[in-house]
Amino acid sequence: MLNRLISNLPFNPRLVEELSFYGKRLRKERSIRRLGFVMIVLSMLVQVLAASIPAEKSLAESDNDLIRGGISTKRQLLNAWDNPNTHIADIYGKFGVTRHDISSIPGNKPNARIKSDASNFWSVGRNSLTGYSDVLQQYKDKEVAVKTAGPTVFLRPLRAWDRGGRASVYDAFRGHNSTTGETFWIIASCGNYTQNGPGKLPPPQLEVRKTIVGNVSTVKPGGFIKFRIEYRNKQEDSLAEDVRIIDNLQLEKFTLVSPNDLNVGGNNKFEKNVGNLRYTDNSHIFDITVKAKSNLRNGVRICNSVRLKASNAPEVTGGGAPGTCVTVSSHATTVTKTSTVAPPAAPVTVATTASAPVNMPPSLSKNVWNVTQNLKGRDAMQSTVLPGDVLEYTLTTYNSRQTDMTGYNIRDFVGDVTDYADIDRAFLAGQDGTYNDKTKEVVWANQTLKAGQDNTKRFRVKIKDPVPGTNSPSNISTNFDCQISNEYGNEVSMYVQCPVIKSMETLPNTGPGSAIFISFGLVSFSGYFLARNGLISKELLIIRRTYASSGDK
């Protein structure tokens, strides 16, 4: 419109009065644009200041940190080494690092930035990846449990912490390992030791045993039998790869009851792939419940054995006659079926083959019941836990040995659970258990594990109402991640209905560089229109003066 007005001035000089109107409007506009420009410039200065002095997280620590809260100077790193309570000397020393290697790191500040996908980086942390919901299974399968003179720590690819397909970047202290001759890094934000590759791991050693839980001597036609397979990798610092349970079932003598998704081939053989097995000081459990066929005659023997096989370890065998054999007898004690699983365990006498291990550690398993929603097991784990829900956890510790185990301490770390729940201490006391506030463990001390029996313990927690909206400290922390995870032989993990404000954590993190770039763009945009306003005002003033001096001619 303004351009049209100016172009018509030679034909209608009286339009110069309209220019006064536009001039006044532009002067008013200029004050508003100037104010907006100043505010945007101040905003950009704040962004620059924030980038130069970044704020600390509201929760700077994670249970996964080797050094809680991280370190910013080499002096702090050496102090952590000298502090026996941190076990840093034990952990770093396990990988060949010495105090001299730490003190020889150039400078006093982090001297390197590493990108997770720039090399085959592997890092060490205090927590197993089993507690992390958004870590890909491919990384969980590669995790190695490393037993040190202090705690057991976990070595895994650094890429396990990447989110959204984007590589992560870390400030680190780069040093030289005098024992291996290799370069190492200490991540500043957590103190976690990092190296190239997993290093040379010892060969794994598999261990398996198969027993019968319940009445092991005889069974009536139509009676139930529960075969229990216990297995583990007993070699410290190793990883058994592509582990499979192989079992030949006598399906002409019994019918499978559970698990109901067991895939049995035409030759009555099933293979269960359990993935990779890191070292554990306890055994894993896999149960098979069967029902003896009703047309079996007296004296028929039902036996079963199992093999455990890995791609990088010798095959081992467990079970077989006489340890996993029962005789069909119409005079056997009747076992009442109460569900689709085998009856509760009773005292048993277990015999094994010569090849079967005789001193396997106790086997651990865990289950959960959402008392409020009345959901058990898999149904409970696949549902969302709501504020105020009561959860009951069941810990099962099984002793397959022929003798009792005494003085055994049953412990369960519940630190991730207590982010969103409170321990029901009265219920726990009624179960003769205690809660250690410092270690965040529920404990039953000096327990006797009867030979061939399950030792079952229970505790309850109540989800906080309202559920805390506390932010998660970092992507390498399980704290306040809207999930409660807990492992006792197997992992039990459930999602919690978090407040809406927690969804803000999933928004893209543009970072200070992006924020400054956006602010600079806004300053340029605003500055352009402010300058354009001033230029047009000046041109209008010149036009008006020219027409005034020429007498509208």
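This is a predicted model: local features need pLDDT of at least 70, side-chain atom pairs count only at pLDDT 80 or more; totals for chains, interfaces and linings use all residues.
Which residue in β22 does Ser365 stand opposite? Ser365 faces Thr396 of that strand.

View 1. Residues are numbered from 1 along each chain as its sequence is written, and side-chain values use heavy atoms, with hydrogens and water left out. Strands are DSSP runs (E, at least two residues) and helices likewise (H or I, at least four), numbered from the N terminus. β19 (residues 363–370) is largely enclosed by the rest of the structure, because six of its eight residues are buried; buried means under 20% relative accessible area, exposed over 50%, and partly exposed in between (1.4 Å probe, protein chains only). β19 pairs with β22 (residues 390–399) in the antiparallel sense over eight bridges; pairing requires at least two bridges found by DSSP.

**View 2. The hairpin of β19 and β20.** Strand β20 (residues 375–376) pairs with β19 in the antiparallel sense over two bridges, and Asn370 stands opposite Leu375. Four residues lie between the two strands of this hairpin, and Asn374 in the turn has a positive phi of about 55°.

**View 3. The salt bridge of Glu143 and Arg156.** A salt bridge has a side-chain nitrogen of Lys or Arg within 4 Å of a carboxyl oxygen of Asp or Glu. The side chains of Glu143 and Arg156 meet in one (2.7 Å, N to O). Both Glu143 and Arg156 are buried.

**View 4. The salt bridge of Asp162 and Arg159.** Their side chains meet at 2.6 Å, N to O. Asp162 is buried at 11% relative accessible area, whereas Arg159 is partly exposed at 29%.
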